[in-house]
Amino acid sequence: MTNPVPNENLSSSSNRRSPNQGELIPITSMKPYLVQEAYLIPGIITVVFVVLMFTSVGIPNLYEWLVAVYISGAAFYFIYRLCGKPKPWWVLFASGLTTCIILTTPILSLFIFVFRGILPGQIPESESIGFINLFIKMFFGAGLMEELLKALPVFGCLWLGYKLRSPKRQQVGVWEPLDGILLGTASGVGFTLFETLAQYVPGTVENVTELLGEGLLGLGVGYLAGLQLLIPRILGSIAGHIAYSGYFGYFIGLSVIYPRSRWQILGVGYLTSATLHALWNSTADSLVILATVGAISYAFLMAAILKGKEISQQIQVKESPENLI
């Protein structure tokens, strides 16, 4: 590798002067670019979470919440930057929060009654069933049920978009696939946090504690097991709940562009996301197959984002002043 050759004009001029203030203290001249190009806000948020994690040592529940929120936030930020479309943070936060609230209301009981009571989605806890039967039950009881539940905030924003006035209607509404992806992935983050922190982690801690006893050893190992479950569940959500709900969100946005084919588009997105979800839940016994399904789900989401960006650019070209004349 050859060393870069310094610019002779720059070197000669630098020999005749001293460095200016902006060169000696870069932050004084780079302030306009720090927020957008230097990821200043994510860096500050990381520092805040690190400090909070230090202060929460010895408080397992708080520590688990901080780790979960930070990892899920980082995963969502990756999706947000990849989409490249601005969406107000309060709209995205409201999407995730709405999903969490729904999971505490009778709406969840209604969904369970329909998809696991009326439809064949109830999974026997003590019986061992074959892959086909397990997939069918997961398709109805997890795929169709949970993907429709997570899509409720997206459909809600779609409805509000037609009711609100500008500029709120553009900020809240779903007008193209990227809007659906962002709102869907935010809903997926909320679902993952609630499911992990309210169900899986406490259940693991309780089971381990009962096995080893309720002393310090049992509690310590229980919280460690809960943390070991929390990290891969939250980190893997980018190929799990975030991917499924974001993929379905793409189709919700696409249905706005092609209203004549709305039900066909929504059906394809709903069934595809539910199928990927059911495959993940049905292949847990094989790590190789599980990893393959996760990779496929991630690839589906990335393809939807790239296609969504392409459609968004086409919309902007059509709406440019030159084409409106």
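This report walks through a predicted model of one protein, from its overall make-up to a few single residues.

## The overall picture

Let's start with the whole chain. The protein has 325 residues, and 38% of them count as buried. Its secondary structure consists of 15 helices, with zero strands.

The UniProt record, an unreviewed entry, carries the annotation "transmembrane region" for residues 39–59, 65–83, 90–115, 135–160, 181–201, 221–251 and 286–306.

Two of these spans are worth a look in the model. Residues 135–160 are 100% helix and 0% strand, and their end C-alpha atoms lie 36 Å apart.

## The nonpolar core

Which residues have the most contacts inside the largest nonpolar core? They are Ile79, Ile181, Ile252 and Leu301, and the core as a whole has 62 residues.

Leaving out residues up to four places away in sequence, isoleucine 181 touches Cys83, Gly246, Gly249, Tyr250, Leu301, Ala304 and Ile305.

## A cavity inside

The model holds one cavity of 30 Å³ or more, and the volume of the largest cavity is about 30 Å³. Its lining is made up of Glu147, Lys150, Ala151, Val154, Gly184, Ser245, Phe248, Gly249 and Ile252. Sorted by type, the lining residues are four nonpolar, three polar and two charged.

Where do these residues come from? Helix H8 (131–163) and helix H12 (241–257) each contribute at least two residues to the lining.

Is glycine 249 buried or exposed? Glycine 249 counts as buried because its relative accessible area is 1%, and the cut-off for buried is under 20%. Apart from residues up to four places away in sequence, glycine 249 touches Pro177, Gly180 and Ile181. Proline 177 is 72 residues from glycine 249 in sequence, yet their C-alpha atoms are 6.9 Å apart in space.

Threonine 196 belongs to helix H10 (residues 177–212). Its relative accessibility is 0%, so threonine 196 counts as buried. Setting aside neighbours within four places in sequence, threonine 196 is in contact with Val201, Pro202, Leu230, Arg233 and Ile234.

Alanine 74, in helix H5 (residues 60–83), is a case of another kind. Alanine 74 counts as partly exposed because its relative accessibility is 41%, and that class runs between 20% and 50%. Threonine 46 is 28 residues from alanine 74 in sequence, with 9.3 Å between the two C-alpha atoms.

Most peptide bonds are trans. Serine 166 and proline 167, however, are joined by a cis peptide bond, with omega at about 0 degrees. Proline 167 is in the loop between H8 and helix H9 (168–172).

Definitions and conventions. Residues numbered from 1 in each chain as written. Predicted model: local features only at pLDDT ≥ 70, side-chain atom pairs only at ≥ 80, totals over all residues. Heavy atoms only, no water. 1 Å grid on protein atoms, 1.4 Å probe; cavity = no way out; pocket = protein on both sides within 12 Å on 5 of 7 lines; lining within 4 Å. Points joined across faces, edges and corners; volume = space filled by probe spheres on them. Helix = DSSP H or I, 4+ residues; strand = E, 2+ residues; numbered from the N terminus. Nonpolar A, V, L, I, M, F, W, Y, C, P; charged D, E, K, R; others polar. UniProt positions renumbered as here; feature names shortened; annotations may be inferred. Core = buried A, V, L, I, M, F, W, Y, C linked by side-chain atoms within 4.5 Å. Buried < 20%, exposed > 50% of the residue type's maximum accessible area, 1.4 Å probe, protein only. Contact = heavy atoms within 4.5 Å.
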